[in-house]
Amino acid sequence: MPMSSPFGCSRREDDDMYSVRVSLPRVYRLRPETKEVGMRPNREQMLMEVAHVVARRGTCSRLQVGAVVSRNGRILVTGYNGAPAGMPHCKHPDDQEPCHEAVHAEENCIAYAARYGISLEGGEMDTTDSPCYLCSRLIINAGIRKVRYQRLYRVTEGLKLLSAAGVEHWQFAGMFPA
Ligand SMILES: [Zn+2]
Ligand SMILES: [Zn+2]
């Protein structure tokens with residue numbers, strides 16, 4: 001059974017196409033029958049949820065990744081992975097080779113910030129997948145101070161680099177409270 005949008009804005013018939021695969025638990029939803037708000041997601045849960053929504057825009061056929069950079073819980077930029085703007089979407093029929101075409105979600109956050117003059121200094125990044133080494137280099141030099149990720153990428157060189165540079169990072173486990 002498809003999960004409905006945690007934002008309560010999707011029509012029933014849209015659920016299959018647009019539902020958020022990783023959705024907030026039912027306790028966080030408004031309950032219109034009783035007019036109760038119920039529990040609210042905390043900021044970290046909200047930001048990770050947004051990262052997962054953004055990931056749905058990803059155009060690489062290997063993996064959809066989303067990232068959000070925020071400061072004080074307010075979103076500054078978002079990004080998802082895909083070929084550079086204007087280029088054809090990448091395709092990986094055999095699914096074996098690593099993707100060399102897609103700009104990573106984290107890179108796109110930083111590129112967008114540069115394009116529109118948004119400082120990420122002191123920001124926090126929420127990303128669906130732990131950053132690779134190249135993205136971690138950019139995260140450090142963009143002044144981002146904290147990184148939360150949900151899925152651990154098999155190569156952890158990026159996380160080691162973040163640690164060495166003093167950027168806090170941890171695996172987010174708050175999406176599915178027991
Ligand atoms: Zn790709
Ligand atoms: Zn990367």
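Two residues are in contact if their C-beta atoms, placed from the backbone, lie within 7 Å. The views below come from a predicted model.

**View 1. Ser130 and its contacts.** Ser130 sits in the loop between strand E3 (124–129) and helix H4 (133–141). Leaving aside neighbours within four places in sequence, Ser130 is in contact with Tyr149, Arg151, Leu152, Tyr153, Gly158 and Leu159. Ser130 counts as buried because 25 other C-beta atoms lie within 10 Å, and the cut-off is 20 or more. His169 is 39 residues from Ser130 in sequence, yet their C-alpha atoms are 9.1 Å apart in space.

**View 2. The largest nonpolar core.** This core has 26 residues. Ala51, Ala67, Val69, Ile139, Ile144 and Val147 touch the most other members. Elements giving two or more residues include strand E1 (66–71), strand E2 (74–80), helix H3 (105–116) and strand E4 (146–151). Helix H2 (43–55) is also one of them, and H2 supplies the largest share, six residues.

**View 3. Surroundings of Ile144.** Residues up to four places away in sequence are not counted here. Ile144 touches Val69, Leu120, Gly123, Glu124, Met125, Ile139 and Val167. Two of these partners, Val69 and Ile139, are themselves listed with Ile144 among the core members that touch the most others.

**View 4. Helix H2 and its cover.** H2 has 13 residues, which at 1.5 Å a residue should span 18 Å. Its end C-alpha atoms are 18 Å apart, so the two values agree. The buried residues of H2 are Gln45, Leu47, Met48, Glu49, Ala51, His52, Val53, Val54 and Ala55. Their cover includes E1, E2, E3 and E4.

Note on methods: Residues numbered from 1 in each chain as written. Chains lettered and ligands numbered in written order. Predicted model: local features only at pLDDT ≥ 70, side-chain atom pairs only at ≥ 80, totals over all residues. Core = buried A, V, L, I, M, F, W, Y, C linked by C-beta atoms within 7 Å. Buried ≥ 20, exposed ≤ 12 C-beta atoms within 10 Å, placed from the backbone. Helix = DSSP H or I, 4+ residues; strand = E, 2+ residues; numbered from the N terminus. Expected span 1.5 Å × (residues − 1).
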